[in-house]
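I opened this notebook to record what I looked up in one structure, entry by entry. I begin with a term that I need for the helix pairs.

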Amino acid sequence: MNLVIFGPPGAGKGTYAAELAEQFDIPAIATGDIFRSEVKSGSELGKKVAVYLQSGKLVPDEIVDETLKKWLNKPENHRGFILDGYPRTVEQAQALDAMTKIDAILNMAVPELVLVERLSNRRICPVCGAIYNIKYSPKPKVDSICDKCGAALYQRPDDRIEVIKERFEVYKKQTQPLIKYYKAKKAKFITIVNRQVDADIKIVTRRIMWRMKQARVL
Ligand code: ADP
């Protein structure tokens, strides 16, 4: 099964991609995570994309498409996959359509006020990638420390309020038009509305699975 998880920054794409990857036993890939690790390692690709990540702007399509193509070509990803954060422009969606077939798009719809609350209070474990929130659930048991591995949590540089605003602008201008693109293609497009800041992940995952069954994706 080939799935796309779609939605604005902070909608929980990474969280639900991980849940569904476990349910279906297929890999999930977040283009944002690939770029962040390339920046950290100081690779050529990392040097090229750093400026976009810092400012909340999109990495140019050619670079993202090439990165994704390499990932899709790996044999371990041929059984099915979940894409988190790709495609993000109509051009990327067209490139993806030329690479492979997508079974369904899960559109995570969350009001902007809720997204700002989630993103500005989000903290991440640098070791295992677990995601916490300092004001809402899941809160770490000990302040600023990962429950699972004891590492000090950090804030993504682009989760600062000025950059969050820019990411929303970019989402509205460049990514939201994809909703029309996929609807026009009669793709299985499933919208999951979530208005809670601290939604229960397991409950939302069950809702997603139920909606996928209803849409005959499962
Ligand atoms: P979020 O969805 O929460 O904004 P991501 O981790 O998905 O965060 O992305 C972080 C950054 O990585 C984006 O702001 C952008 O600079 C870059 N990026 C990730 N995916 C793409 C993509 N498909 N196209 C262009 N840039 C991307």
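This is a predicted model: local features need pLDDT of at least 70, side-chain atom pairs count only at pLDDT 80 or more; totals for chains, interfaces and linings use all residues.

**Entry 1, two helix pairs.** I looked up helix α2 (residues 31–41) against helix α3 (residues 44–55) and found that they pack at an angle of about 115°, with their axes 8 Å apart, and that their crossing is left-handed. On the α2 side I listed G32, F35, R36, E38 and V39, which meet L45, G46, V49, A50 and L53 of α3. Sorted by class, this contact of α2 with α3 has six nonpolar, two polar and two charged residues.

I then turned to helix α1 (residues 13–24) and helix α9 (residues 201–214), which pack at an angle of about 65° with their axes 10 Å apart, and whose crossing is right-handed. Here T15, Y16, E19, L20, Q23 and F24 of α1 meet I201, K202, V204, T205, I208, M209 and M212 of α9. By class I find eight nonpolar, three polar and two charged residues in the contact of α1 with α9.

**Entry 2, the sheet.** In what order do the five strands of the open sheet run? I read the order as β2-β3-β1-β4-β7, with parallel pairing. The edge strands are β2 (28–30) and β7, each of which pairs on one side only, and the twist averages 20° from one strand to the next. I found α2 packed on this sheet, where it touches β2 and β3 (81–84) and its direction makes about 60° with that of β2. Helix α8 (residues 177–184) lies across β1, β4 and β7, and it runs at about 135° to β7.

I followed strand β4 (residues 104–109) on its own and found it mostly covered, with five of its six residues buried. Strand β1 (residues 2–6) pairs with β4 in the parallel sense over four bridges; I5 has L106 of β4 as its bridge partner, and F6 has N107. With strand β7 (residues 189–193), β4 pairs in the parallel sense over five bridges, and I noted A109 standing opposite V193 in β7.

Which residues of α6 (residues 112–120) are buried? I found V114, L115, R118 and L119 to be buried. Seen down the axis of α6, these buried residues fall within an arc of 125°, so they line one face of the helix. Among the elements that cover them I listed β5 (122–124), β6 (131–133) and α7 (161–175).

The peptide bond from Y86 to P87 is cis, with omega near 0°, and P87 is found in the loop between β3 and α5 (90–99). The bond from S137 to P138 is also cis, with omega near -5°, and I placed P138 in the loop between β6 and α7.

S144 lies in the loop between β6 and α7; its phi is near 65°, a positive value in a residue other than glycine, and S144 is partly exposed, with a relative accessible area of 43%. D25, in the loop between α1 and β2, has a positive phi of about 55° although it is not a glycine. Is D25 buried or exposed? I found D25 exposed, with a relative accessible area of 55%.

Definitions and conventions
Residues are numbered from 1 along each chain as its sequence is written. Side-chain values use heavy atoms; hydrogens and water are left out. Buried means under 20% relative accessible area, exposed over 50%, partly exposed in between (1.4 Å probe, protein chains only). The arc is that of the directions from the helix axis to the C-beta atoms. Contact means heavy atoms within 4.5 Å. Axes are lines fitted to C-alpha atoms, for helices over the stretch in contact, and angles run from 0 to 180 degrees between N-to-C directions. A crossing is left-handed if the near helix is turned anticlockwise from the far one by less than a right angle, and right-handed if clockwise. Ala, Val, Leu, Ile, Met, Phe, Trp, Tyr, Cys and Pro count as nonpolar, Asp, Glu, Lys and Arg as charged, and the others, Gly among them, as polar. Two strands pair if DSSP finds at least two bridges between them.
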